[in-house]
Amino acid sequence: MGGELARRLAAPPGHMTFLHDLNRDTVSKLVGEIAQSQALDTSTPLPSIVYSCLPTSKEVAGVMQALLVRIKPGTLWLDCTSGDPFKDREFSTLLSQKDATFVDVGVSGGPRGASEGTLTAMVGCSSEVFQSVTALLGHCAKRIVHCGDPGTGHAVKAVNNIIMGTNLMIASEGLSLLAKYGVDPIDALAAINKSSGRSWATLDRMRNYVLPGTYDYGFQLSLLKKDMLTALQVASRTGNTTPLLTKSFHLVDNASKSLDPSADHTQLAQAVARLQSIELRRGAPAFNVQHKSPSMCAMGIQLVVFDCAGTIIDEGGLVYNVLQQVMRRAPGGRISYTVEEFSEWHGSNKIEVLRHFGSRAGMSEDEVQIMYTDFLSSLEVGYFNPQNAGAVTLIPGVLKLFRGLREAGIKVCLNTGYPHSIADRLLKDLNLTDKIDGLVVAEDVGMGRPYPYMIQHLARLHNIMNMSTIAKLGDSVRDVEEGRFAGCGFVAGVLTGADSAVDHLKAGADLVLKSVADLSV
């Protein structure tokens, strides 16, 4: 960007342009291309107009300090770095002590816009100074906007880029889901670009750089991340909470980990599509429409926590049938509830379910404990009575999934609201004991779902500090809530047990799978 700006901003006839860069070859090349130009050295008087375009405000500060003794009164310093708006205020104050003026200029339009002189310039300075810099910036910018006092130009640029990055992630996810459903991304994009969901990400980035597969816009992803972080820092220092933009930054940051450090920012779409095992490009082969999850390895998952009954174990809804039978046997038939009320407790610790409905019916804690003892003994009969042999089995594909996860170095753990007396025996009867890396039950931590303590317990067990590297799968809303409250990086509902896809999504599931067998290692 700096080289293109130098070509556009070169001094008019009769004036000399002085160039400096740490790379002397770059300067020599530009001097050879720009008439009336030469390299800036220590003996050269500093011109009255200075342009800077550097990686960050840190480099701007270094250059400014080095040149400070050479700055003359009346000097105009225009900084085209995507800089720190708060540092800009410091630069403005510093230069004002030399009777010089600092102007922050956020530019948007990429290398092509710089080359063609069609950039948008977002300018931070006083109104009086703005009038004097408009003509100067007109050599490289088609649209010049006065944003306010020093710092505002770079603030607007940072927010512009975090919005653009967010829109690019949104467009990438949207086209990926349509591609996985079977819609050609070219057709999908054509429709979206004529509809209300369009953005510059769909009109330009997706159409001109992503679907053609070139990914050569010329703006590095690392620079986009820097600008997005600048926007969040502005939000923090001004007391603004930005949950969506903050989430967007972390999504971009995570996606970037699978790309080369020098990757173009448009390759975010490539990273998003790879997670779904698809391609977003013109002429891509027919899509394999399988309702699989993103790869756990690609997401950086270290531990997957599975619920038991209804998630990895098919027991035909036995636990809920037994629970309702126990409540119907309550003394005097005092417990009553609707189907909707009972459904809200799917996935919860069963003593908590009995305590909720029992106390509502006026039962004492002793009476609740009697019901719970009845529940456990009835459940043991249902699970372990020889007459019921074969009634409790593993969901198809569970063993293959567990083996694949562990071979990939991902821990496999289970959690449940059952006490150990039932959970341990279930694992033994299903030959799972040596096929998992841990089991935690609600009684181990004192509270069941949706409290996050069981997942946190497993994280401690396996020395996992970053909860976003944990995935949670379960068949109930309480499972989804548990995963969300624990801060899991991936939370999926499955349709082999208690709740519906809509229930899972409303609770905050990232994805709803037909069964755990659809989890991709």
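Which residue takes a positive phi just after H7? Gly-182 does, at about 120 degrees. The legends below look at this and other spots.

This is a predicted model, with residues numbered from 1 along each chain as its sequence is written. Local features need pLDDT of at least 70, side-chain atom pairs count only at pLDDT 80 or more, totals for chains, interfaces and linings use all residues, and side-chain values use heavy atoms, with hydrogens and water left out.

View 1. H7 covers residues 152-181. Helices (H or I, at least four residues) and strands (E, at least two) are DSSP runs, numbered from the N terminus. The expected span of a helix is 1.5 Å times one less than its number of residues. The 30 residues of H7 should therefore span 44 Å. The end C-alpha atoms of H7 are 43 Å apart, which agrees.

**View 2. The second largest pocket.** The volume here is about 1,500 Å³. A pocket is an open set of points on a 1 Å grid over the protein atoms alone, where a 1.4 Å probe fits, with protein on both sides within 12 Å along at least five of seven lines. Grid points are joined across faces, edges and corners, and a volume is the space filled by probe spheres set on the points. The lining has 41 residues, each with an atom within 4 Å of a point. Leu-275, Gln-276, Pro-294, Met-299 and Phe-490 lie nearest the centre. Helices H7, H11 (243-256) and H12 (267-275) and strand S15 (511-513) each give two or more residues to the lining. H7 gives the most, with seven. By type, the lining has 18 nonpolar, 13 polar and 10 charged residues. Here Ala, Val, Leu, Ile, Met, Phe, Trp, Tyr, Cys and Pro count as nonpolar, Asp, Glu, Lys and Arg as charged, and the others, Gly among them, as polar.

View 3. H4 runs over residues 85-96. Its 12 residues should span 16 Å, and the end C-alpha atoms are 17 Å apart, which agrees. Pro-85, Phe-86, Asp-88, Phe-91 and Leu-95 are buried in H4; buried means under 20% relative accessible area, with a 1.4 Å probe and protein chains only. Their cover includes helix H3 (57-67), strand S4 (76-79) and H7. Asp-84 caps the N-terminal end of H4. A side-chain oxygen of Asp-84 lies 2.8 Å from the backbone nitrogen of Phe-86.

**View 4. Asp-499 in its loop.** Asp-499 sits between strand S14 (490-494) and helix H22 (501-507). Its relative accessibility is 9%, so Asp-499 counts as buried. Beyond four places in sequence, Asp-499 is in contact (heavy atoms within 4.5 Å) with residues including Ser-343, Asp-475 and His-504. The side chains of Asp-499 and His-346 make a polar contact at 2.9 Å. Such a contact is a pair of N or O atoms within 3.5 Å; within protein, one must be able to donate a hydrogen and the other to accept it, and residues adjacent in sequence count only if both atoms are side-chain atoms.

**View 5. Asn-349 and helix H15.** Asn-349 lies in the loop between helix H14 (339-343) and H15 (350-360). At 9% relative accessibility, Asn-349 counts as buried. Asn-349 touches Gly-417, Ala-442 and Gly-448, not counting residues up to four places away in sequence. The buried residues of H15 pack against helix H13 (318-328), H14 and helix H16 (365-384). Just after H15, Gly-362 has a positive phi of about 85 degrees.

Key:
Buried means under 20% relative accessible area, exposed over 50%, partly exposed in between (1.4 Å probe, protein chains only).
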